[in-house]
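I opened a new model today and kept a running notebook. These are my entries, in the order I looked things up.

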Amino acid sequence: MAWPALAAPQASDKPGPGAWPTRVFTWRYNPQHAPAWLSAEAAQALMQRAAEPWAACGVQMQFAGVTDLPPGKMDRSNVAGWSLQMPRQLRGPTLGQAKAGRLLERDVLIRPDRREFERFPRLLQKVITHEFGHAIGLTHSSRCDDVMTLAADCPKVHPRQLPLELTAHDLARCHAIYPPQPQPKPNEIKNTP
Ligand SMILES: [Zn+2]
């Protein structure tokens, strides 16, 4: 596979490149090339767990099962999985396509052979959560403690203590793309007889 040219990653607090119009991100998991040190069950559970924090933003992270479609192939199917087809220095990019502010596809690719992930599975989980953030349209944050920070492991934070939940700032940046939906007022709720 030819590697698409990557723009140098930058921290910015600009809004994301787009959003899922229905607030649903439906994705499948491809278990191929999972890290040898993880069981198949643990690898899949880790992926699913890492997607969950974004539900707090009001986006449904809908897991649609296992697939053999390769992550990184632009086929209008959202696939998260493992890949060695990336520059060595990358932990895991998110690739996709968007049109007129709408996301059409987002594939999450995680490099399975990094020793740091085996030493610190928490770092791996945080990297995956970060990539799912890109998958729903977020860009990088300039704040070091955010999940969406450019550096997954900020200086001074031991990988064993990395936060796995979204910060208030992560959530605010996500809500800029997916504004909180107003709850219906009590007098608007109809009672069914
Ligand atoms: Zn990133």
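**Entry 1: ground rules.** I'm working with a predicted model, so local features need pLDDT of at least 70 and side-chain atom pairs count only at pLDDT 80 or more, while totals for chains, interfaces and linings use all residues. I number residues from 1 along each chain as its sequence is written, and side-chain values use heavy atoms, with hydrogens and water left out.

**Entry 2: layout.** I looked up the helices and strands, which are DSSP runs numbered from the N terminus (helices are H or I, at least four residues; strands are E, at least two). I got four helices and five strands. Reading from the N terminus, I wrote the order down as β-α-β-β-β-β-α-α-α. Next I checked burial, where buried means under 20% relative accessible area, exposed over 50% and partly exposed in between, with a 1.4 Å probe and protein chains only. The protein has 193 residues, and 45% of them count as buried.

**Entry 3: the zinc ion.** Which residues coordinate the zinc ion? I found His130, His134 and His140, each through its NE2 atom, at 2.0 to 2.1 Å. Along the chain these donors follow the spacing H-x3-H-x5-H. Histidine 130 sits in helix 3 (residues 121-135), and histidine 140, ten residues apart from it, sits in the loop between helix 3 and helix 4 (168-177). A note on the rule: donors are N, O and S atoms within 2.8 Å of the metal (3.2 Å for Na, K and Ca), and water is not among the atoms, so sites may look incomplete.

Are these histidines buried or exposed? Histidine 130 has 6% relative accessibility, so I put it down as buried. Histidine 140 comes to 12%, so that one is buried too.

**Entry 4: aromatic rings.** My rule here: rings of Phe, Tyr and Trp (its six-membered ring) pair if their centres lie within 6.5 Å; planes under 30 degrees apart count as stacked, over 60 as edge-to-face and the rest as tilted. How many aromatic pairs does that give? The count is four.

I wrote up phenylalanine 25 with phenylalanine 132, an edge-to-face pair with 6.3 Å centre to centre and 75 degrees between the planes.

Tryptophan 27 belongs to strand 1 and phenylalanine 63 to strand 2 (residues 60-66), 36 residues apart. Tryptophan 27 is buried at 1% relative accessibility, whereas phenylalanine 63 is partly exposed at 27%. I also noted that Trp20, Phe25, Trp27, Phe63 and Phe132 form one aromatic cluster.

**Entry 5: helix 3.** I came back to this helix because 13 of its 15 residues are buried, so the rest of the structure largely encloses helix 3. I checked its length as well: the expected span is 1.5 Å times one less than the number of residues. For helix 3 that gives 21 Å, and the end C-alpha atoms are 21 Å apart, which agrees. After helix 3 comes glycine 137, with a positive phi near 115 degrees.

What does helix 3 pack against? Helix 1 (residues 40-51) packs with helix 3 at about 50 degrees, their axes 8 Å apart. (Axes are lines fitted to C-alpha atoms, for helices over the stretch in contact, and angles run from 0 to 180 degrees between N-to-C directions.) That makes helix 1 oblique to helix 3; under 35 degrees counts as roughly parallel, over 145 as roughly antiparallel, 65 to 115 as roughly perpendicular and the rest as oblique.

Entry 6: Most residues other than glycine have a negative phi. I found arginine 23 with a positive phi near 60 degrees. Arginine 23 lies in the segment before strand 1 and is buried at 15%. Histidine 33 has a positive phi near 65 degrees. Histidine 33 is in the loop between strand 1 and helix 1, partly exposed at 47%.

**Entry 7: last look.** Methionine 86 is in the loop between strand 3 (79-82) and strand 4 (94-99), buried at 8%. From methionine 86 to arginine 111 I noted 25 residues in sequence and 7.8 Å in space, C-alpha to C-alpha.
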